[in-house]
Each structure stands twice: as structure tokens, then as C-alpha cells.
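Here is a short note for a colleague who has not looked at this structure before. Please read the points below with the structure open.

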Amino acid sequence: MKHKWNNRLPMFVMIGPAFLWMAIFVLAPLCYVVGISFLSKDSSGGVMFPLTLASYFSLWNESFLTIFSRSLLLSLQTTIICLAVGYPFAYVIANAPKKHRGLLLLLIMLPFWINSVIRIYGWNTLLRQEGVINSVLMSIGIISSPLEMLYTDGAVLLGMVYELLPFTILPLYASIEKLDRSLLEAASDLGATKPHIFTRVIFPLTMPGIFAGSIQTFIPSLGLFYISEMMGGGSTMYIGNLIKNQFLSARNWPLGAALSLLLILITLVLMKLYTKVGSLEDMA
Amino acid sequence: MDTKKLQKSEKAGFAPLSMLYACLVYLFLYLPIAVVIAFSFNTSKTNIIFEGFTFEWYAKMFDNRQLMESFQNTLIVAGVSTVFSLVLGTLCAVGLYKFEFKLKSLVSNSLYIPIAIPEIVFGIAMLVFFSSVHISTGMFTLIVSHITFSMPFVAITVRSRVAGFDRSIEEAAKDLGANEFRTFMRVTLPMIMPGVISGGMLALTMSLDDVVISFFTAGPDSTTLPLKILGMVKKGVSPDVNALSTLMILGTAVIMVISQIAQNRLEQRQGGNNSES
């Protein structure tokens, strides 16, 4: 018995603290959020019994549905633009000379690791009414009065694309780089034209990368509430702002918890879809 | 011969265009960063027009007490959370590699939860949890939340490095009389050091980069620099913020380069091991 304990001790010392940490600070809080979503709010902004599904039912109302569809649309637009910009870029990088590729990738990663509030603040400086772009355009006489760029829906979209582009590029790069060049040569030898090679060979073979890139762009885009605040002025609500408000200003925790679970559900469905498509690809 | 020539000329014609495109994307990525840096050297008090070059703001930022406090908080949180998540994450990774036990899949799957769930939900879950156990938000909750989201990344990074190493060296150390602790400190740890370093760098950058989770777990007296900037942007930001942001940008770049070097070393080392065996 003592011998067994001695063997087990190092294991508990090594894994125990980390697991305990995750149990207390991840599993317990998440369970708590699930629990709160079935309660109702009391007058002081806290939560109270009895158990109810009211928060979930209240999600089904017109103003929330507008916010959901607006958020999903923004995320979809963000994903499509990121793919359209990122695909050719990833293709160029993947075909660059091998010795330069590491540096080119590092240059993509670097902005991604610099705090995003600082970077979005840079966009703020550029786009403002009296900002860099407007003053440059006015001084060279292209426009006579400043363009309204900041605090528009377009600015929010720009901020989202900017923030998430590296998330799209990296999986795209990984799948394009793996592409077997001899297949392209074979297609070309058999007389396929360049557009043909792209639509019939390159595009289908890099589909897993396109899919991974889309998921990795779409999921985080749903929660980035501060970008719509910095670039959109906070006047247009998205699902992230809605959740945030339930916990900080509106103080309706059960509703906020139900919204959070909805967000987790969307994420899980997308990830399930992703692994399913992934396993199909493996089988093919 | 003809087709070869044709291909070559096609390639030559294609290359400048694709280069141009790549440069445009890089320009898009770096433009706002360049603007933040440029305006930290601007003599004008507002971030509108570049008037002249000065280092003034780098001296002035030290007088802005709130700003310096938030910067100090950022550094403390990043430092402390990195140390804790390194210790917890590394031990966990090595433990998961070494031992077989019943709940192993539960432990290793729980590491992926903070990575998989949306950040905003994670932040809220922590906020709600802390308030339910009557811990008010502040430096403590901020540090705890940063440890929680960076530790899994450390564990996973280290674990992927541990997977490749030669167990017989550890066994040799034990045969020669070293106990478990000594073996870990003298044999295991040095072997996985590059992995630990890149895990640590990852934890450090993630902590410096975080906005969403800190937004919920920081208290009114414990804001970080990014949260401070977030709060200031609408009202207008003075150039001393640009100066401090420039330092953050430089710091991040340095961390990235160090971690890249550590990774290259590891790859070289692993390459060497493979060729020996």
C-alpha cells in the first residue's frame, strides 16, 4: 500500500494542481453560468429562484432576433472578406522561396500578437473625421470636406477583418503549402488552362484550409464587442455588446447567461461541423 | 523548349504582381501600427497632423500617473500569471506524458475548454463566479483569470515537445540513484527547456494581448493599459499613450523574436537527435 502511494505521489504533485485549478476556475464557473440561465433576476441585479426557462423564451423576441441576425451577417461578411483577401495572399506566401517563408509568416504573426486595442486605436487615428486619411485627401485636393468613415458599419467591418485576417491566413497557408506540386504539373501537361487548374485541382484540394480558416474567423468574430465600440461608436448592438450589457449595465444575469449559452451552442455546432468535414477529408 | 520559355515568362510576369499584392496586405496589417508609433514622436498635442519630431512624450508619460499605474498593472499581471501558468502547465504536461491513470482524458480534455469557448463567455463566467464567492474584482481576479487562460496553452505547447523525447535518459538517471525530484530538475527540465521557453513567451504575449477577459475580471482600481486605452479612445487620446503603446509594441516584438529563436534551437536539437538514432 505504501509502495503504491509512493508511486502515485509524483503524479498527484504534477497533475493535481493544474487539474484543481481548471476545476475551480473553468468548470465551476461554467456550471454556474448554466445554472444562472435557469434562474430569474431579482430587484437588486442578482439572481433568485425558482427555476425557470423564462430567459430562454425571452431570447425569442424581435429586437434580439434583429441583433442576432445583424451579428451573424457581420461575422459572415468578415469571414468572406478575410477569405477573399487571405487566399491569394496565402498562395503567394506558400509559393515564395523556402528560405523567406519563415520570415514572411513571422511578419503575419507579429501584428497579431500586438495588443489589438492599440492596433484598432491606430485605425481610429487614421479614419477619424480630422484623422490622417481625411487630412491627406483634403490637402491634395481629392475631397473638399472630410469623409465620414469612423463610427460607421463599414468601419466595424474593417476592424473585424483587420483583427481576424491572420486567423484566416494561417490555416489557408498550411493547406496550400501541403499541396502536391506534381498534381499541378500533371494537370498542366494534360492541357488544363490556368483557371481550370485552379477550379478543378487547387481549390478542391485546399478546401480543408478554407473551411478551417472560415471557422477560425467566424467563431471569434462573434465575441469581439470592443471593436464595434471603438470603430462603430457603440451605437449599433451586436451579440457581444448585448451579452456584455446584461452583466455590466442592464444587470440581467439570467438573460446574459442564456445568451452566453447560445453563443457556446453556435460555437459547438460549428466545431462539430468542422471535425465532421475534417474526418470526411481524411477518409477521402 | 517553347512551352518552357512560355512558362518562365509567365512566371516572371506574375511575380511582380503577386509581390505587389503581398506588400499591400502587409501594408494593411502594419499601417495602423505605424501610425501609432509615428504619432508618439509628434510635437502636436492632438493625433491629427504630424507637425514635427520630438521625444517629449516619452518623458511626459511618466507624469501621467493613471497611465503609468495601468501599465504597471499590465506588467505585474503578465509577469505573475506567466510564472504561475508556466509552473502549473509544465508540471501538468510532463505528468500527462509520464503517467497513465483513469481520469487522464478528463484532465487533458479540460485543458481545451478555455481554448474552445468564446472569450467573452469565459470572461463572464469568471466575473459571475468571483462575485458568487464574494471576491471583488481587482488585481487578484485579473491575475487568476490570466493564469487560467494561458496555462492550457503552456501545457499543450510543452506537451507537444515532451512527446518526442527519449525516456531512457530519465530511467538512466533513476538507475544512478536520482530521486523523482532530482530527475525532473536535472534531466527532464533541461531537455524540454526550449518548449518551456516558447510556452512562457506564449503566456506572456497572451497576457499582454488580452482585452476581452480582462474587461470582465479587472476592477476599477486595477485596469490594464489596453483597458485604459479602450476607455480613452472616444474622448481623445494624448500622445503619451502613443509613446507607451510604442513601448508595448517593441516589447511584444522582442518576445516574439526570442520565442522564435528558442523554437529554431529546439528544431535543430531535435533534428540532431533524429540523425543520431
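Predicted model: local features only at pLDDT ≥ 70, side-chain atom pairs only at ≥ 80, totals over all residues.

1. Residues are numbered from 1 along each chain as its sequence is written, chains are lettered from A in the order in which they are written, and side-chain values use heavy atoms, without hydrogens and water.

2. About 7100 Å² is buried between chain B and chain A, 82% of it on carbon and sulfur atoms; buried area is the accessible area (1.4 Å probe) that two parts lose on being put together, summed over both. In chain B, the residues that lose the most area to chain A are B:Y26, B:F28 and B:L29, together 9% of what that side buries.

3. The contact (heavy atoms within 4.5 Å) involves 79 residues of chain B and 77 residues of chain A.

4. Across this interface there are zero salt bridges (a side-chain nitrogen of Lys or Arg within 4 Å of a carboxyl oxygen of Asp or Glu).

5. Chain A is assigned domain 1 (1-31) and domain 2 (61-283), with bounds from an automatic or database domain assignment. The C-alpha centres of these two domains lie 38 Å apart.

6. B:T82 is buried, with a relative accessible area of 8% (buried means under 20%, with a 1.4 Å probe and protein chains only). Beyond four places in sequence, B:T82 contacts B:V77, B:G200, B:A203 and B:L204.

Methods
Buried < 20%, exposed > 50% of the residue type's maximum accessible area, 1.4 Å probe, protein only.
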